[in-house]
Amino acid sequence: MKRLTRAFSVIFLIAFGLMYLTYYLNQAEGYGGKNTLTVYNWGDYIDEELLEKFEEETGIKVIYQTFDSNEAMMTKIEQGGTTFDVAVPSEYAIAKMKEENLLLPIDHKKLPNLKHIDPHFLDLPFDPQNKYSIPYFWGTVGIVYNKKMLKDKEIKGWNDLWNPDFKNQILLADGAREVMGFSLNSLRYSLNDTNESHLQEAKAKLDKLTPNIKAIVGDEIKMLLVNEEAALGVVWSGDASEIMGENEDLEYVVPEEGSNLWFDNMVIPKTAKNVEGAHKFINFMLDPENAAKNTEYVGYSTPNAEALKLLSEEISQDVRFYPPPELTKKLEVYKNLGKKMLSHYNELFLEFKMHRK
Amino acid sequence: MQIRTRNLYLIPYLTWILLFVVAPILLIVYYSFFNVDGHFTLGNYQKFFTPVYLKMTLSSFWYALLITGISLLIAYPTAYWLTKTKHKQLWLLLIILPSWINLLLKAYAFLGIFGTYGPTNKLLESLGIGTQQILFTDFSFLFVSVYIFIPFMILPIYNALEEMNHSLLDAANDLGASQWTTFRRIIFPLTLDGVKSGCQAVFIPALSLFMITRLVAGNRVITLGTAIEQHFLVTQDWGMGATIAVFLIIAMAFIMMLTRKRK
């Protein structure tokens with residue numbers, strides 16, 4: 001018994017010692033102010049060699065932390081406590097963070113490299129004049145299909161989903177805006193449409209898709225598509241590029257009728273202590289050479305026009321991730337439709353889910 | 001004096017009930033009177049009586065009824081057989097064991113087991129039946145739900161069977177009752193309380209299932225639970241979510257009344 005107690009006390013002492021040490025280290029690093037910069041980004045969403053390069057160039061030490069959902073990130077920033085100098089939320093999160101005053105304005109004079117960004121991707125409805133955010137990567141919503149399972153059938157647009165040959169072959173991502181959006185797009189309406197008769201038309205069209213739908217699922221969609229559980233899936237291009245690496249028969253297409261355009265953007269949260277450093281970091285990431293290197297690593301689409309020129313043709317000419325201009329024009333960013341409209345979208349989506357074959 | 005100290009001991013329990021039972025229910029009722037914009041309204045209740053939600057309520061009840069019925073059909077003979085076996089505790093442990101594993105993990109496991117290239121289809125293939133779609137069907141939904149809930153049905157029935165006075169069976173036997181008569185007139189009435197609490201323990205959670213409806217049924221089955229989850233997490237229409245929850249609470253209270261034990 002005595003030995004047991006002693007053993008436990010030693011373990012406790014060591015554990016608390018280590019806890020204190022990490023706490024101390026974190027404090028020394030994280031709250032140091034001037035010479036450190038805390039970057040808060042999605043997991044595996046930057047080439048870490050760039051962080052080293054940034055440290056060498058500026059002498060600022062980077063602390064890199066990751067999150068796995070916009071909601072988690074917002075909660076942490078809302079709570080304060082940790083100083084995040086740069087964060088990378090998606091566009092709808094930016095609209096919310098702006099409303100809740102969680103962001104600091106960005107000084108464009110300190111970002112000479114901003115000129116490299118394709119003007120297409122600037123001044124968008126979620127952040128007019130890019131007061132609070134600078135685009136980091138972008139993507140689309142589209143169709144992933146399995147070439148082997150579909151044999152020679154080619155998928156070009158949303159309307160191909162209604163092909164009666166695809167009975168029980170389609171997986172949908174469980175998102176009201178995505179699903180209602182593609183139905184609206186297939187009818188050549190805007191995916192931000194609020195006209196009641198258009199919405200009812202889109203919902204009725206979705207009901208007709210029911211025989212082709214195998215399931216409406218969440219993140220499992222990636223695993224199910226890789227395992228060839230279904231031949232087609234409606235997914236975000238980011239997920240598509242991830243699973244195409246795991247199953248070579250998978251192919252991604254941005255539908256010809258138009259689709260959603262989404263953005264991840266760099267912002268400076270109100271918790272920032274090193275605002276000067278944050279600007280330096282954003283400017284550094286906008287540098288064409290760095291942006292190109294980052295794009296090669298991450299595999300998403302870069303909004304940086306100069307960087308795109310530096311990339312190999314294999315990447316920059318890939319129409320799946322860099323659709324041609326005539327298609328890009330048809331892509332739309334989600335507008336904040338307000339709680340009431342969003343609730344209506346969800347109601348229609350729920351009704352569609354309840355529609356039985 | 002004695003009564004006063006006894007009342008003092010009640011304080012922690014009362015606080016607990018007040019904070020974690022009464023207050024949440026009141027909050028749910030309170031929220032159900034507000035619309036998305038935070039204005040007072042009765043519209044949520046009106047909306048509940050539209051075909052969409054009525055249909056959803058009916059289908060929730062239907063699936064919960066099926067799950068409870070199938071569980072009971074399997075659980076009663078199992079519990080009966082359990083009381084006859086030698087190593088009762090071991091068998092009981094084996095039946096309870098799966099409920100120690102996280103629900104989400106079990107649901108994910110079925111994605112693989114029932115998949116197009118999973119073991120179930122391999123078996124069907126080798127039997128000459130050929131690959132079937134099992135995942136995302138009513139069958140898979142009912143199967144997984146029954147699998148998850150069945151321990152909660154077996155346990156109370158088992159306990160009731162164990163508590164039964166066995167000399168009654170001998171008496172029935174002596175008086176010439178057939179096996180079926182014995183079961184119908186003695187065993188079943190005496191274990192009815194166990195059956196009732198088993199049905200409560202299965203029907204009520206089955207009514208508000210939500211995660212399995214997406215994972216195993218691929219949103220092909222929509223229950224009131226799914227709608228509540230949607231309203232709270234996606235739409236942020238807390239009022240409508242709360243309204244559905246109020247109806248669920250009423251339904252559950254009603255079921256409790258129907259199945260309460262008679263002394």
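This is a predicted model: local features need pLDDT of at least 70, side-chain atom pairs count only at pLDDT 80 or more; totals for chains, interfaces and linings use all residues.
**View 1. The contact between chain B and chain A.** On chain B, 30 residues are in contact with 30 residues of chain A. The two chains bury about 2700 Å² between them. Carbon and sulfur atoms account for 52% of that area. Three residues, B:Phe136, B:Arg220 and B:Gln230, supply 23% of the area that chain B buries against chain A.

View 2. Between chain B and chain A the count is three salt bridges. One salt bridge pairs B:Arg214 with A:Glu220. Their closest N and O atoms are 2.7 Å apart.

**View 3. The side of chain B that touches chain A.** Four helices of chain B each supply at least two residues to this side: helix 3 (51-84), helix 5 (103-113), helix 10 (211-215) and helix 11 (224-235). By class, the touching side has 14 nonpolar, nine polar and seven charged residues.

View 4. An unreviewed UniProt entry places the feature "transmembrane region" at residues 12-33, 61-83, 90-114, 134-158, 201-218 and 238-258 of chain B. Residues 12-33 of chain B are 91% helix and 0% strand. The end C-alpha atoms of residues 12-33 are 31 Å apart. Residues 238-258 of chain B are 100% helix and 0% strand. For residues 238-258, the end C-alpha atoms lie 30 Å apart.

Technical notes. Residues are numbered from 1 along each chain as its sequence is written. Chains are lettered from A and ligands numbered from 1 in the order in which they are written. Side-chain values use heavy atoms; hydrogens and water are left out. Contact means heavy atoms within 4.5 Å. Buried area is the accessible area (1.4 Å probe) that two parts lose on being put together, summed over both. A salt bridge is a side-chain nitrogen of Lys or Arg within 4 Å of a carboxyl oxygen of Asp or Glu. Ala, Val, Leu, Ile, Met, Phe, Trp, Tyr, Cys and Pro count as nonpolar, Asp, Glu, Lys and Arg as charged, and the others, Gly among them, as polar. UniProt positions are given in the numbering used here, feature names are shortened, and annotations may be inferred rather than shown by experiment.
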